[in-house]
Amino acid sequence: MIRRAARSEHVSGWLFVLPAVALIGLFGIVPIIWGAVLSLQQNDLLTPPKWVGLQNYRTLVHDPVFLASIHRTLVYTLLFVPISVGGALAIAVLLNRRIHFSRFYRTAVFIPVATSTVATGIIFNWLLEPTYGVANYLLGEIGLGPYGFFQDPDQALYSIVAMTVWGWIGFDVIVYLAALQGVPDELVEAAKLDGAGRWAIFRHVVFPLLSPTTLFLVVWSTINALQVFDEIYVTTHGGPLQATTVMVYYLFNQAFELFHGGYAAAIAYVLFLMTLVLSVVQLWIGNRRVHYS
Amino acid sequence: MKRVVSLVLPLLVLLAVAASCGGGGSSNGVVNITVWHGYEDVEGKAINAAAARFNATHPKIHVTVQNYGNADYALQKVLTAIRGGAEPDIAYLYGSWAANIARSPAAVDLAPMIQSDPSIHWSDFWPAERQAVQVGPKIIGVPALVDNLALVYNKKLFDQAGIPYPSDNWTWDDFRAAAKKLTDTGNKQFGWAYVADGSEDTVWRFDALLWQAGGDILNSDNTKAEFNSPAGVKAATLLQQMATVDHSVYLDNGNGNYANLFNSGKIGMLFTGPWDLSSFTDVKYGVQILPGDLNHQTISGPDQWVMFDKGSTRKQAAWTFLKWFTSPQESLQWSLATGDLPIRQSTTRLAQYSDYTSKYPGVATFVVNLGNAAKARPVIPTYNEVSQAMGQAIQAVLLGKAQPKQALDSAAQQVDSVLASGQ
């Protein structure tokens, strides 16, 4: 009797998740497997593919553009993650106080997240345009510049960092704000009674309580940063002189501009493994330091 | 339940679409064929009108035209359709894909049809168009669109600088000197603009200069790079001198700023094509053929109608349609409606042709300039790699990050290894 009930619950449970499982299977698992197969082929997506074994991976190891793209991706990630997560924490703490117009500021911070990347890209193209852009004009007023921004190979990647931090920080702020609301008042009160200053309260009470949120944001931002593409596609197209050709941009270039489908799939797999390893390491380190209550 | 509906509904729609795409073929003696295109607005209306005219005069064939969206992604869409057996009879595809298309077994080689049917008047198409669809012995399409680069200049800026308008025997030196005079750094005004994003947009403007200096992109059998010849270095040096010494060139980062800036009177001259003219509403512009070195060659970027094999009856019907649609009279109708350049030489000799040149100021020079489009880019499957290597080199020169010879030599080395490996 009990068993039958359990079984029917099992069945209806599976039925409930079936749509999600089917969709994830179709658009998640199948491409992952097909990508692995593709990475072992020479496939121009046009003529019948040819099996080449691990040749694509062997070529990758000696491809200077690919190695440079890994380097750029890591530089980008190392800048983007601390700046966006750290910056978001600072903004969230500021916005969490009772100040005038705090709702307005919260909305303002979040608007870039809701704006389409293409629109953001067009705006930044004009803001950071070296000759006519507003950025150089304003910087010129205080005696700085002019800068090349997207058009200078030495500045383009940092300009992308600035643009993406601006575009994504609002999400982190909202998550932190929610977490800050969850910090119990009695703990803060207790710390105050014990004579802790504002910094000490933040450092020893609030920050530890935010640690699950911080871990989530770091892992999530890292995964996003490793896969940065849209913002580059709508602004620098990987240039100038490949200065912003990160891994996914190179993958796109190989797959859809040069029609090297197999090679691009191999790049995707390397990126997948990198992301997996980084996430596991982050979660492993994080779980030893995070306080869940 | 809602979930199930939301899942099932799209599937049903997909099935319905697939079923309707799979249709066609012949019924009651009428052969149905499908044409895919990416035309919008004026051009979209023009092709619908053309199809209606054709259907009215050809009772045995029924043409359905379908918009596939942005033509930039048409190759991927058509390839996907071929996988599923749902490809159209005819599709509009970019010229730069010719070599890739030729490798697909589904694309029809038109060479035998052209040979056995003189009524197509093949040699009446502009030479640049014919070169663009010729892949080895195969001909993979019928010309659909032709354009070229000419010198478009702002008359007011020339008047202000007190220099005469460009002539048709301008040399590179004349051009460089004028660009310098038109430049006013304080006023953020430039003599010329160059798309410097390293894409094909960067490369094809360079190709024109390269050919003018007597150079070539690759050798005659497409096995070795030749753009690093003295002619290539000379062309790249012109760009280098203008961009990094005279500072008379606005470097566009590939987002099309140059057109807006020209239209607001910030740029004196452009190398551009007829497609840009309609956006120059705020300035008085003139059009002249390109300045030259040994000659005044330009470059043309033709696109084509590609036919796919759906059986011999439909192939014949598709051929009849293409012949009719690209005939001199229809070509003129098209040009009148859209402003596009006529795709046939004899179109320019029709009586109504003067209506076209008076309706669209400046196009007459572009049509004359088609005679200067003597060479075409190599039609090989690895062209995108050639273009990418050249683009990086030219960009490095424009940004002052490399010397012309050194940059072109290193690009040539990359190209040689790509050509040798054949992928």
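**Chain A**

Chain A contains 13 helices and 2 strands. Please bear in mind throughout that this is a predicted model. The C-alpha trace of chain A extends over about 80 × 75 × 30 Å along its principal axes. Of the 293 residues in chain A, 42% are buried. As for charge, chain A carries 15 positive and 15 negative charges, whose mean positions lie 15 Å apart. Among contacts in chain A with a sequence separation of 6 or more, 68% are between residues 24 or more positions apart.

One residue of this chain deserves attention. A:Phe259 has a phi near 60 degrees, which is a positive value in a residue other than glycine. Where does A:Phe259 lie in chain A? A:Phe259 sits in the loop between helix H12 (247-257) and helix H13 (261-289). With a relative accessibility of 8%, A:Phe259 counts as buried, because the cut-off for that class is under 20%.

**Chain B**

I now move to chain B, which has 17 helices and 13 strands. Its radius of gyration is 23 Å, close to the 22 Å that the globule rule gives for 423 residues, so chain B is as compact as a globular protein of that length. The C-alpha trace of chain B spans about 70 × 60 × 50 Å along its principal axes. Of the contacts in chain B between residues at least 6 apart in sequence, 74% link residues at least 24 apart. Chain B exposes about 17600 Å², and 54% of this comes from carbon and sulfur atoms. The 32 positive and 36 negative charges of chain B have mean positions 4 Å apart.

**The contact between the chains**

The area buried between chain B and chain A is about 2800 Å², with carbon and sulfur atoms giving 54% of it. On the side of chain B, the residues B:Lys188, B:Asn253 and B:Gln388 supply 16% of the area that this chain buries against chain A, more than any other three residues.

**Three residues of chain B**

B:Asp41 lies in helix H2 (residues 41-57). Phi of B:Asp41 is near 50 degrees, a positive value in a residue other than glycine. Is B:Asp41 buried or exposed? With a relative accessible area of 64%, B:Asp41 is exposed.

B:Gln240 belongs to helix H10 (residues 230-246) and is buried, with a relative accessible area of 11%. Leaving aside residues up to four places away in sequence, B:Gln240 touches B:Val245, B:Val397, B:Ala402, B:Gln403 and B:Pro404.

Lastly, B:Asp168 is located in the loop between helix H7 (155-161) and helix H8 (172-182). At 48% relative accessibility, B:Asp168 counts as partly exposed. B:Asp168 and B:Gln288 are separated by 120 residues in sequence, yet their C-alpha atoms are 6.5 Å apart in space. Apart from residues up to four places away in sequence, B:Asp168 touches B:Gln288, B:Ile289 and B:His296.

Key: Residues are numbered from 1 along each chain as its sequence is written. Chains are lettered from A and ligands numbered from 1 in the order in which they are written. This is a predicted model: local features need pLDDT of at least 70, side-chain atom pairs count only at pLDDT 80 or more; totals for chains, interfaces and linings use all residues. Side-chain values use heavy atoms; hydrogens and water are left out. Helices (H or I, at least four residues) and strands (E, at least two) are DSSP runs, numbered from the N terminus. The radius of gyration is taken over C-alpha atoms; the globule rule is 2.2 Å times the number of residues to the power 0.38. Contact means heavy atoms within 4.5 Å. Accessible areas come from the Shrake-Rupley method with a 1.4 Å probe; for residues, only the protein chains shown count as cover. Lys and Arg count as positive and Asp and Glu as negative; His and the chain ends are not counted. The place of a charge is taken as NZ of Lys, CZ of Arg, CG of Asp or CD of Glu. Buried means under 20% relative accessible area, exposed over 50%, partly exposed in between (1.4 Å probe, protein chains only). Buried area is the accessible area (1.4 Å probe) that two parts lose on being put together, summed over both.
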